[in-house]
Amino acid sequence: MLKMNNNNTQPLEYSTEQGRMNILGFWIFIGAEIMLFGTLFASYFTLETRTGSGPAGAEIFELPPVLAETLLLLTSSFIIGLGIHAMRLGRKKAMMTFFIITLILGAAFLGFEIYEFIHYVHEGASLQTSAFTSILLTTLGTHGLHVTFGLAWGIVILIQVIKRGLTPQTANKSFIFSLYWHFLDVVWIFIFSFIYLKGMM
Amino acid sequence: MDFFERFLIPHPSPIIYASMAAIVLTTIAIIVGLTYFKKWGYLWREWLTTVDHKKIGIMYLISALLMLFRGGVDAIMMRAQTSMPENTLLDAQHYNEIFSTHGVVMIFFMAMGFIIALMNFVIPLQIGARDVAYPRLNAVSFWLYFMGAMLFNLSFVIGGSPSSGWTSYFPLAGSELSPSVGTNYYMLALQISGLGTLMTGINFIVTILKMRAPGMTLMKMPMFTWSGLITNIIIVFAFPVLTVALAMGTMDRLFGTNFFTTTDGGMDMLWANLFWVWGHPEVYILILPAFGIYSEVISTFAKRNLYGYNSMVASMVVISLLSFVVWVHHFFTMGQGAMVNSIFSITTMAIAIPTGIKIFNWLLTLWKGKIVFTVPMLYSLAFIPIFTIGGVTGVMLGMSAADYQYHNTMFLVAHFHLVIIPGVVFAMLAGLTYWWPKMFGFMLNERIGKWAFSFISIGTCVAFFPMFISGLDGQARRMYTYSESTGFGIWNMISFIGAIGLAIGFILIVYNIYYSTRYASRDVGDDPWDARSLEWATHNPVPEYNFAITPHVNSSQALWDSKKNGHTLFRDGLKEIHMPNNSGVPFVMSVFFFIFGFSFIFSMWITVIASLIGIFACMLHRSFENDHGHHISVEEIKRTESEVRGAKNE
Amino acid sequence: MKMKWVMLASLFTLLAVLTGCEPLLVLDPEGPQAQTQANVIWISIAIMSVIVIVVFAMLAYILYKYRASKQSDSYEPPYIKGNVIVESLIVGIPVLIVIVLSVISVQSNYKVEATPEGYENDEPLVVYASSSDWKWHFSYPEQDIETVNYLYVPTDRPLEFRLYSYGPITSFWIPQLGGQKYAMSDMITTLHLAADNAGEFMGRNANFSGEGFAENTFSVEAMPQQEFNDWVKEVKQTADPLTEDKFNELLEPGHLGQLTFTGTHLEFNPPPQGHHEGHGAGSEGEHNDESSSEHDAHGEHESDSGHADETEENTEHQH
C-alpha cells in the first residue's frame with residue numbers, strides 16, 4: 001500500500017512506508033540475484049577445464065582490458081556512493097553529477113567488455129566453441145546485460161529527478177538503483193578474482 | 001510455405017486434430033459470448049486490470065483448476081494406455097509427450113498455481129492487511145504465470161509437445177535428439193512463469209514481514225502465513241537456479257552452446273544437478289503451504305488450538321534448510337560413489353524428522369479435541385495416513401543402496417504421487433472447500449463434497465499402491481508398453497481403475513461447484529466454520545479494502561480469542577483508506593512476454609525483438625507513471641459496510 | 001473411519017503379495033548385491049511398517065475417542081500449548097530411527113559399491129556395457145568378443161560392468177543381480193555385480209531415453225564357468241568380426257535382435273576416459289574429445305576395484 005506518512009527522522013528514501021518496503025523487497029531481489037550468479041559461478045567452476053577443442057582461459061585472457069574494466073566499475077561504485085551521500089544532503093545538482101559520472105564509467109566499462117568479447121571471438125573462443133567458452137561468455141554476458149540494463153535504468157531515474165526533483169519516490173528509486181549498482185560491482189569482484197585471476201594463474 | 005511448416009505437429013493424430021477444433025471453437029464461443037453479453041468492459045475493468053489480491057487469487061484458482069483437468073486428462077490417457085499389455089491406444093511418441101506434459105502441467109501450472117492462489121487470497125486477510133506489498137507486481141506475477149501456462153499448452157496444437165520427460169534430461173532434450181520445438185516450449189514457458197513465481201516470492205516475503213496487523217509478532221502469525229513466508233523464501237532462493245538452467249538449455253538448443261551437449265566438453269550431468277538443486281526445494285515449495293492449510297483446518301475442526309506451534313515453525317525452517325542439501329538423491333545411480341551417496345542418504349532421511357514432528361503435532365491437535373468431519377477436515381484426516389505411507393517409502397528411497405533398485409521404477413512413481421496427492425492436492429481441495437465461502441459467499445455442498453472425497457481418496461490408494469508392487473517387480477517408469485509375460489498387466493489395470501475413481505471424484509467437484517453456485521444458501525455469515533484466524537473476521541464477501549478497521553492481534557488465533565476470551569479486534573474508528581489503482585499494464589506486458597516466448601520458440605527473431613521493446617516500454621511506462629492510488633472516504637466505507645450487513649440480514 | 005480400514009487392508013494385501021508365492025524380481029535376488037539390497041528393503045519395510053501402524057493406530061483411536069458426535073455439547077476442548085516431554089519424544093524417536101537407518105544405509109552403500117561379498121579374492125570379469133538408441137552393446141575385452149542385446153556371464157565370478165552411452169543417459173539394470181547405474185556419454189561408471197546361481201534374468205535400460213525406450217531390454221544368462229568358456233569358444237569359431245563400419249551401422253537409432261561378434265569396438269571406438277567414482281558430479285577434468293589412444297582395451301591398467309579408483313580420483317580432484 002502506498003502510505004504517505006512522512007517520517008522526518010529518516011533519510012528521504014526511507015521516509016514512506018512504501019519506500020521502506022521497496023528497499024526491503026530489493027534486498028530480497030538481490031538475494032535472488034546472488035543465487036543466479038552463484039549458479040553461474042558453480043557451473044563455471046564445473047565446466048572451467050572442459051575446453052574441448054577450444055582454448056583455455058589462460059590462452060585468451062588479457063590483463064589490461066580486464067584491469068581497466070575493474071577500475072572503471074570500482075570507481076563508478078564509489079561515485080554512486082557519493083551521489084547517494086549528496087542526495088541525503090539534499091544537493092540535487094551534486095547528486096545528479098555523480099550519477100552522470102557513474103553512468104559514463106558504466107558505459108566505458110561496457111565498451112571495454114564489448115572489445116573483450118570481440119577479442120575472444122577472434123581468438124576462436126565464441127559462444128559455441130566449448131563448454132568452457134559457453135559458460136565464460138554467458139557469465140560475463142549476464143553481468144554485462146545487468147550493467148546495460150543498469151545504464152538504461154539510471155538514465156530513466158535521472159530524467160525523473162530532473163523533472164520531479166528529490167521527492168521521497170525519486171530518492172527511493174535512486175537509492176535502490178545505487179544498491180543495484182554496488183551489487184554489480186561485488187559480482188564483478190568475484191568475476192575478476194575467480195574467473196580472470198584464477199584463469200591466468 | 002516454409003515459414004508455416006514449422007508450426008505443424010510432427011506426429012499428428014485424431015486426438016490432436018480434435019483438440020485443435022475444440023480450442024478454436026471454445027475461443028470463438030468465448031469471444032462471441034463476451035460480445036453478445038457486452039462483457040468486454042466488465043472483463044477488462046474487473047479482472048484483466050485488477051490489482052486486488054483476492055481477484056488475482058481467484059484467477060490463479062481458475063487457471064490452476066483448468067490445468068488440473070489438462071494434466072488429469074494426460075494422466076487418464078497414460079493409465080489407459082498401460083492398463084493392458086501391448087496396448088495400442090497411444091504410440092510411443094504420444095505417450096512420451098503425454099507423460100512429459102502431465103508432469104510439467106501438474107507441477108508448474110496446477111500445483112504452483114493452486115498454492116499461489118490460496119496464498120494470494122488468504123495471506124493478506126490472515127495478517128489483517130489491505131493488499132500485498134506490491135499489488136501491481138502481483139498482477140504481473142499472475143499474468144506471467146498465466147501466459148507461461150497458455151504458451152506451454154499451445155505446444156499440443158502448434159509445433160508439438162515436449163517429449164523428454166518433465167525433467168528434460170540432456171542430452172535427450174538437446175536439439176540433436178529432440179529436434180522438434182517441444183522442448184523449446186518447455187524452456188520458454190517455464191522461464192516466463194518462473195519469472196512470475198520469483199516475483200510472487202519477493203512480494204509475499206515483504207508483505208508478511210512488513211504488513212502484519214498491529215500486535216501480530218512473527219510468532220503470533222497463523223500457521224498458513226508462516227508456511228507462506230518460508231515457502232516464499234525457498235522460492236526466492238531456488239527459482240534463480242531454474243532460471244539459469246533453463247537459459248542454458250535454451251541456448252544449447254537454439255544458439256549451439258555446449259553446456260549440456262556430449263561434445264566439446266559439455267556435461268549432461270550439470271543439467272541434472274541444476275534441475276534438482278531447484279527441483280527438490282520445489283517439492284517443499286509445494287508441500288509447506290499444504291502443511292499450513294492442514295494446520296488451519298485441523299485446528300479449526302478439532303476445535304482446539306494448534307499443538308506445538310513453536311515446533312511446527314521450527315520444523316518448517318529445518319525442512320526449508322534441508323531441502324537445499326538433498327538434491328543428489330534424485331540420481332544416486334549416477335555413480336558418485338559410496339561416500340557422496342551416504343551423505344545425501346543421511347540428509348534425505350533427516351527430512352523425515354521435522355516431517356514426523358508435524359504429523360505428531362497434528363495428531364496431538366486432534367487429541368482431546370471435538371472433531372467435526374467436514375469435507376476440508378476429511379481431506380486433512382485422509383492426508384495423515386496416506387502421506388505417512390508416501391513419506392515412509394520416501395525414507396526407503398533415501399537409502400541409496402536400495403535406491404539402485406527403486407530408481408526409475410514404478411515404486412518411485414507410487415512414492416511421489418502418494419506424497420504429492422495427499423500432500424498437495426488434498427490440501428488444495430481442503431483449502432478450496434474451507435475458504436470457498438470467504439471467496440464466493442456460499443458454501444460448497446457437503447454431501448457431494450463427501451462423495452468426491454471418497455472417490456478421490458480411495459482412487460488415490462487404488463491407483464498408486466499397485467505401483468509399489470509392479471515397481472519391485474521390475475517395471476520401469478515411462479514405459480509406454482510392456483509384454484504380457486512380465487505380469488505387470490494386473491497391477492496396471494488396478495491402477496487404471498483407481499485413476500478412473502480419481503477422475504470421477506474431480507468431476508464431482510466440478511458438479512459440486514455448479515450445484516452449489518445454483519442452489520446453496522447465500523446466508524452463511526462471516527464465519528461459517530467457527531474458525532480461529534483473522535480472515536474470518538471480515539465480511540462475506542470480502543470488501544475491496546478487506547478490513548474497514550485494521551484489527552489488533554493478541555495471539556495466533558486472534559478471532560477465536562475475540563469470540564471466547566473477550567479480546568477486542570477492532571478498536572479504532574473508521575479512517576480514510578488508501579488503495580492502489582487498477583492497471584492494464586501488467587496484462588499488456590505479459591501479452592508481450594507471450595509473444596516473446598512464442599517467437600523465441602520458433603526462432604522468429606524480428607518478433608522477439610519487437611516484443612522485447614514492448615516489454616521495456618511497459619516497464620518504462622511504469623517507471624514514469626505517477627500513480628498514487630485512490631482513497632476511499634469514511635462515508636463510502638460506512639455505505640459499503642452497511643450494505644454488507646444488509647445483505648447478511650436478508 | 002472406513003478410509004483407515006481400506007488403507008490397512010491395502011497395506012496387508014501389499015505385504016501379502018510381497019511375501020507371496022510369485023516373488024517380485026527385486027526381492028528374488030540371484031546375486032550378492034541384489035541380496036544386500038533386498039535385505040535393506042526388507043529391513044526398511046519392517047521398520048516403516050511399525051511407524052505406519054503406530055500412526056494409523058493413534059489416528060484411529062483419537063478419531064474414535066474425540067469425535068464431536070460422541071461428546072456433550074458443553075465440552076470445550078482445552079488450550080494446550082505443548083509439552084516438553086511429549087515434544088522431545090516426537091523428536092527423539094524419529095532421530096533414533098533415522099540414525100539406525102543411516103547406519104544400515106551407509107554400510108550397504110559401501111557394500112554395493114565394492115566387489116561383491118564372497119568374491120573379493122577372484123579376478124572380476126570386466127564387461128563394457130554401452131548403450132545406443134535403443135540397444136545394449138556388451139564388449140568382453142578379456143575374451144575379445146562382443147554381443148548386442150544379450151549378456152552371458154559366468155557364475156561364481158565377480159562381474160565388473162563399465163557403463164557408458166552413445167546417446168542419452170541410460171541406466172543399466174538387472175534387478176535380480178543388483179540395482180542399476182547410469183550410463184553416460186562423457187564418462188564411465190562402474191557397477192559391481194555377481195551371479196550366485198545359473199539362470200536367465202531380465203535386464204533393461206531403466207532411464208527414459210526416447211521413443212524406443214520401452215523395448216530397450218536385454219536378456220542375461222548366468223552359467224557355470226565351463227559353459228561360459230564353451231560359449232566363448234563357439235563364438236570365436238562362428239561369429240563375424242566386428243568392423244568399425246559395422247559398429248557404426250549398429251549405432252544407428254533403432255532396435256536390433258541379439259547379435260554376436262568377435263573382437264570388440266573398444267579398439268576403434270574407445271570408451272570415454274573419465275571415471276566417476278568417489279566424488280560428486282561436476283568436478284571431473286576429463287574431456288572425452290581429448291581421448292587419446294593410450295586406452296587399454298583389456299581394462300587391466302584400470303584399477304581393479306572401486307576403492308582404488310576412488311583414491312586415484314581424489315588425488316586428481318585436488319589440483
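How many residues of domain 1 of chain C are in contact with how many residues of domain 2 of chain C? The legends below begin with that view; please keep in mind that this is a predicted model.

**View 1. Chain C is divided into two domains that touch each other.** The domain assignment gives domain 1 as residues 2-69 + 79-112 and domain 2 as residues 125-278 of chain C. Eleven residues of domain 1 are in contact with 14 residues of domain 2. On the domain 1 side of this contact, helix H2 (residues 32-65) of chain C supplies the largest share, four residues. That side of domain 1 divides into six nonpolar, three polar and two charged residues. If you step back, the C-alpha centres of the two domains of chain C lie 37 Å apart.

**View 2. Here chain B meets chain C.** In this view, 89 residues of chain B are in contact with 87 residues of chain C. Several helices of chain B each supply at least two residues to the side that touches chain C, among them H5 (92-126), H9 (268-301) and H16 (446-472). Helix H13 (375-398) of chain B is also on that list, and H13(B) gives the most, with ten residues. The side of chain B that touches chain C divides into 52 nonpolar, 29 polar and eight charged residues.

**View 3. Follow helix H3 (residues 84-112) of chain C from end to end.** At 1.5 Å a residue, the 29 residues of H3(C) should span 42 Å, and the end C-alpha atoms are 41 Å apart, which agrees. Buried residues of H3(C) include Ile90(C), Pro94(C), Ile97(C), Val98(C) and Leu101(C). Further along the numbering, Ser105(C), Val106(C), Ser108(C) and Asn109(C) are buried too, as are Lys111(C) and Val112(C). What covers the buried residues of H3(C)? The cover includes H11, H12, H13 and H14 of chain B, together with H2 and S7 of chain C.

**View 4. Strands S6 and S7 of chain C form a hairpin.** Strand S6 (residues 170-174) of chain C runs antiparallel to S7(C), and four bridges join them. To find your place, look for Phe172(C), which stands opposite Lys181(C) in S7(C). Six of the six residues of S7 (residues 178-183) of chain C are buried, so this strand is largely enclosed by the rest of the structure.

**View 5. Seven strands of chain C make an open sheet.** The order across the sheet is S8-S5-S1-S2-S3-S12-S11, with mixed pairing. Strands S8 (189-193) and S11 (240-241) of chain C are the edges, each pairing on one side only. Within the sheet, S2 (residues 135-140) and S3 (residues 145-148) of chain C run antiparallel and are joined by four bridges. His137(C) stands opposite Val148(C) in S3(C).

**View 6. UniProt marks transmembrane regions in chain A and in chain C.** For chain A, the unreviewed entry lists residues 21-46, 66-84, 96-115, 135-162 and 174-197. Residues 21-46 of chain A are 100% helix, with end C-alpha atoms 37 Å apart. Residues 174-197 of chain A are likewise 100% helix, and the end C-alpha atoms are 33 Å apart. For chain C, the unreviewed entry places the feature at residues 39-64 and 84-106. The span 39-64 of chain C is 100% helix, and its end C-alpha atoms lie 37 Å apart. Residues 84-106 of chain C are 100% helix and 0% strand, with end C-alpha atoms 32 Å apart.

Note on methods: Residues numbered from 1 in each chain as written. Chains lettered and ligands numbered in written order. Predicted model: local features only at pLDDT ≥ 70, side-chain atom pairs only at ≥ 80, totals over all residues. Contact = placed C-beta atoms within 7 Å. Nonpolar A, V, L, I, M, F, W, Y, C, P; charged D, E, K, R; others polar. Buried ≥ 20, exposed ≤ 12 C-beta atoms within 10 Å, placed from the backbone. Pairing = 2+ DSSP bridges. Domains from an automatic or database assignment. UniProt positions renumbered as here; feature names shortened; annotations may be inferred. Expected span 1.5 Å × (residues − 1).
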